[in-house]
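Subject: Structure handover

Hello,

Here is the structure we spoke about. Please open it first and then read the notes below.

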Amino acid sequence: MNKKYIYRDLSWLDFNARVLQEAEDESVPLLERLRFVGIFSNNLDEFFQVRYATLKHISLSDKSNHRLFDGFLISDLLSMITDKVISLQQKSAEALEKIQRELARQNIHFVDETGVSPKQEKFLKNYFLKKVNNLLSILFLTDSTPENPTNSNILLAVKIITQSENLNSNQSQYALIEIPKEVDRFVVLPKERGSDQRSVILIDDVIRLNLNLLFHPFNCIDIEAHMIKVTRDAILDLEDDFSKSYAEKIKSSVEERILAEPVRLVYDQNISSDTLDIIKQKLGVNKYDGHIPGGRYHNRSDYLNFPSLGRKDLQYKVLEPLNVPNLSLERSLLAAIKKRDYLVHTPFQNFNYVVKLLQEAALDPTVKTIKITIYRLSKISNVVRALINAARNGKKVLAQIELQARFDESNNLIHARALEDSGVELIFGISGLKVHAKICLIERLENDKVKRYGFISTGNFNEGASRVYTDYSLLTSNQEILKDIGKVFDFLKSPYMRYKFKHIVVSPNHTFNTFKKLMNQEIKNHKKGLPSGIRIKVNSLSNRLIINQLYKASQHKVQVDLIVRGICCLVPKIKGKSENIEIISIVDRFLEHSRVYIFTNAGDPKVFISSGDLMTRNLHSRVEVTVPIYSQELKNQIIDTFEIYWNDKLKARLINQEPQNKFRISEQKNQQGSQLEVYKYLKLQSESLVREN
């Protein structure tokens, strides 16, 4: 691997391979390994819906030049992606088979329609008639069937063989059965008398078991059913119809996504060729789409919701969220933040501090204004409830809600309606820019003067995500920082105006130049013999100008330490270019999501947390906010936790080197991953402060 850059789509597939490694890792609890299979599959679905679909659009466009940066044809990249996905899918199937064998040793068995007992078969027929049959949609495929006749993604392709009227030959009919989303994908069978064995069957096989009930009028000789999975283009088409509001365009585009063109077909490799041919024809699958032969079952993302079966021993041990030292949910958070800054590091610490701050502001009679950006929210959101309550209590509430948060558009539209109905002023977006910043500003009248409070986060204000995503939220009353935050909201309302920020760093206008300046300063410091270094933790690194700046720092002997969870297009250890760059990626029980930037700055570190990664979109086509950490105590905490992550010898992988995704394993026994070590570090801090008090 000697080229300067790695294509972002191939790098993303390398990231998903790291997710699959967790499914293969025998140190991970069995049911969690099964869920990692689900995460891997879900990630792959979204990849094809968005990235593969984008590349396909370009390859089919009228433009003659379908080349990437390095003269590479996009059609060749699509082929490379397909080959790599087929290999990963095979590994996924092997991992799943192994997990199922190990679950069998734990008395948890997967059965299909051929392996159920008479008692179980009776149960399943009853289950089918009561809970499944009436939900099924069956579509026969004939010459008159239009192309792309169904909006379902998970289907059983059925071939029915009947005897012709002259009794001398057989004839075949074809149909599609839509697997209903309204029922659980897994059915837990009742225990057999005297047995502790738990048996689980997929709903696909429940349907297969009852095919004769479905097609009994046809006097079938034989019926076969094979699963297929269609992945559709998920890119929103926001047409230039000026008679529609922005929200209306999003709504109609989300509805059209359901019937969008296919970009991938995954099928049971045992399906007959005639059935597969008619399926491809009727679903509009062409040679430019991904054709992935697979096993009997697809849509492994369902394993994300595999039932726990009461087996806590086969799952991660629960880590109760810690309290933030000196910050009590039982007392006023506004009063506490007035005295000093606090940092909430979820999921290790309690996300309820963020919700409680909004709830307190909603009730406090001296609070006059609340302004917030919203990107992704829980379906049932206490954040939304607090904002609605604030508006009902006479506060002026402004919410910027991003309707293009991919795959959350419908959910955000629902919340937008509820907020608007309660009197919340909404901003829906800026043409050409996604608002990805995670900021909140609370304005309070104290002694006839406006006093500002607020929080800036690396992640979404989402209760569900806060339990599985690692993120930082800075709770502050720093008036200078919050004055800048106020200017961001001014920009969101009046994007044609130019604003200067003294403390925070804001995309799309300032982030690249600020980071470039900070990196160049590290080069200058090293030349002067002063302490220097760059340490960055992000989800993705793909912008080539930033990569070139990091290469430049390395060439001037500045040490660069990178923790990159996902896409990483930079190649370390190239002689004369990136010898001083080290990269690791950590994939573990929690999704690493926090963005941290640390510059040694001659021994007085500059530390930032940010909503943005180092991708071109974050730097130039999104509104992102990066905030400096001024409290020495909080700086130290971020530097300490970065060091814990950096020293991970269990879940850290060396990436973009050969072999790809090699674990950086310690020879020490009983080594723990960095996430547990961060939890222990924060817990120890909390306990030591309790002892001091």
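Accessible areas come from the Shrake-Rupley method with a 1.4 Å probe, and for residues only the protein chains shown count as cover. By that method the protein chain has an accessible surface of about 31,100 Å², and 48% of this belongs to carbon and sulfur atoms.

Some notes on the source. The model is predicted, so local features need pLDDT of at least 70 and side-chain atom pairs count only at pLDDT 80 or more, while totals for chains, interfaces and linings use all residues. Residues are numbered from 1 along each chain as its sequence is written, and side-chain values use heavy atoms, with hydrogens and water left out.

The chain as a whole

The protein chain holds 18 helices and 27 strands. Here helices (H or I, at least four residues) and strands (E, at least two) are DSSP runs, numbered from the N terminus. The chain has 693 residues, and 57% of them count as buried. A residue is buried under 20% relative accessible area, exposed over 50%, and partly exposed in between (1.4 Å probe, protein chains only). A contact means heavy atoms within 4.5 Å. Among the contacts in the protein chain with a separation of 6 or more, 75% are between residues 24 or more positions apart.

Helix packing

How do α1 and α2 lie relative to each other? Helix α1 (residues 8-24) packs against helix α2 (residues 30-60) at an angle of about 170 degrees, and their axes are 8 Å apart. Axes are lines fitted to C-alpha atoms, for helices over the stretch in contact, and angles run from 0 to 180 degrees between N-to-C directions. The two helices, α1 and α2, are therefore roughly antiparallel. In this scheme angles under 35 degrees are roughly parallel, over 145 roughly antiparallel, 65 to 115 roughly perpendicular, and the rest oblique.

On the α1 side the contact includes Trp12, Phe15 and Leu20, and on the α2 side it includes Phe36, Phe40 and Phe47. By type, the residues of the contact of α1 with α2 divide into 13 nonpolar, two polar and six charged. Ala, Val, Leu, Ile, Met, Phe, Trp, Tyr, Cys and Pro count as nonpolar, Asp, Glu, Lys and Arg as charged, and the others, Gly among them, as polar.

Helix α2 also meets α3: their axes come within 11 Å and cross at roughly 165 degrees. That makes α2 roughly antiparallel to α3. In the contact of α2 with α3 there are 20 nonpolar, four polar and four charged residues.

Cis peptide bonds

The bond from Thr346 to Pro347 is cis, with omega near 0 degrees. Pro347 sits in the loop between β10 (342-346) and α10 (352-363). The bond from Glu658 to Pro659 is also cis, with omega near -5 degrees, and Pro659 is in the loop between β26 (652-654) and β27 (662-663).

Asn107 is not a glycine, yet has a positive phi of about 70 degrees. Asn107 lies in the loop between α3 (74-105) and β1 (108-110) and is partly exposed, at 33% relative accessible area. Ala602 has a positive phi too, near 60 degrees. Ala602 is in the loop between β23 (595-599) and β24 (606-610) and is partly exposed, at 34%.

A residue in α10

Apart from neighbours within four places in sequence, Glu360 is in contact with Arg331, Ser332, Leu333 and Leu334.

Regards
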